[in-house]
Amino acid sequence: MTDYRIEQDSLGKFKVPADAWYGIQTARAVENFPISGRMPDTDFIRAHVQIKLAAARANCQPDWLTPTQRDAIASACERILAGELLDQFVVDRFQAGAGTSHNMNSNEVIANLANVALGGEKGQYAPIHPNDHVNMGQSTNDTIPTAIRLALLAKLPRLLAASESMAAVFEQIAGREHDTVKSGRTHLQDAVPTTIGREFAAYAWTLRRAGTNLAAVRPLLCQTGLGGSAAGTGLNTSPDYANRVAAELAALTGEAIGVGDLAAQMQSMFDMQALSAALRGLALELTRIANDLRLLASGPRTGLGEITLPPVQPGSSIMPGKVNPVMFEMLNQVCYQVLGQDAAVAYMTQAGQLELNVMMPALGSALFDAMDWLTNAMNATTEKNLKGLVVNRERCERFIHDSVGLATLLNTRIGYMRAAEIAKESEQTGKPVREIVTAHQLMSEAEFNALVLQAAHGEGSGGGGG
């Protein structure tokens, strides 16, 4: 017994693994594209199969698909959507332009499943044919960009949830440390007083703003070109197919799927570029925040050491007891990689020519990776590090009262020039501003401490102008 079967297409005969549910065009693509060793993204596989299911339902009209054909295709799709046979989607992420190979992979697997269920054999393609029935009214031109958009929509809630979870923990820390005064730093130099609460509340606000920008892309992704068939012409589609299939997809996905310009949605990757830009914005903010926290946790004795991050693993193979901020280091690495993916998406967006952008397989893959990596990295960092973060309040207090920047609080009390003299004395003697102020009987220690807290909360220092 051979371990393969022979199938034939327009190019001739070709061997297909005997146990494969895919067919000849997929087998050719596997041989042609041994590039990355990475199989299709699972959300993308599911999205493409959802399109096939929606199309079968929309095409069940007189002179198009019969109810028997529709039901056989639908049952095959439902099995895949339930998690079966995902290992049969085997075409490398770097493949024929536009994704023809993946489209045929889906068509062949669904056709073989349907035919076997109807009493036929794999590879015979009767009574259900991959092109004539599963791909009815469709083209790689419209199914692949639509599947990419649907997969991105599927990933978006998970990414937004991860971002919100991190923001919520920052907000909790901010509330807990509302009155923890610390030295602000500008230009990496001591500045006016602030609080851990303000610092961490700003992180939460920034992440939520980035989430808002991401969510704003959702309506763009919901506008598909499905029904455009080849080159946006609607060639070989059943009556009112574009509207019917959009309604079916909306029911399947729970998204407000609508019909965009059928030609434009094959030419233009504008909405995907908009998503990539929002991902870039999130990554830039995340890596900035990660760098802040690594710096705040530095030392712990010879650095800032204002916060302590939970130890999750030994930090060195040679230095005993060393613990590193590994989760935020990992988050940095992910963010930098996402920035690279965004650059690739930009190049591939502009590389579309005339009626089709043939960069779509790699473009989609770059976005899938960016979304998954950010989701996973934020979740891991939040759970393993951020939730256990401890603020070293005594160290924050020591630093703030060692800061010459406290002289700024005296501007409205004694004037800029007199305050500058206090600052200079502090620098020269090494004495805290508080000690000098009380020694000069400008105010009591309690009054000065209250002034620091007031300033840290942004309530001003009172007194006249200066």
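Are F44 and F368 buried or exposed? In this predicted model, where local features need pLDDT of at least 70, side-chain atom pairs count only at pLDDT 80 or more, and totals for chains, interfaces and linings use all residues, both F44 and F368 are buried (under 20% relative accessible area with a 1.4 Å probe and protein chains only; exposed is over 50%, partly exposed in between). Residues are numbered from 1 along each chain as its sequence is written, and side-chain values use heavy atoms, with hydrogens and water left out.

A search of the whole structure gives four aromatic pairs (rings of Phe, Tyr and Trp, the last by its six-membered ring, with centres within 6.5 Å; planes under 30 degrees apart are stacked, over 60 edge-to-face, and the rest tilted). The ring centres of F44 and F368 are 5.7 Å apart and the planes stand at 35°, so this pair is tilted. Because F44 belongs to helix α2 (residues 42–58) and F368 to helix α13 (residues 360–384), the pair ties together parts 324 residues apart in sequence. Helices (H or I, at least four residues) are DSSP runs numbered from the N terminus, as are strands (E, at least two). Ring pairs also link F170, F200 and Y203 into a cluster.

Charges over rings were also found (NZ of Lys or CZ of Arg within 6 Å of the ring centre and within 35 degrees of the ring normal). K15 lies over the face of Y4, at 4.4 Å from the ring centre, and K122 over the face of W21, at 4.5 Å.
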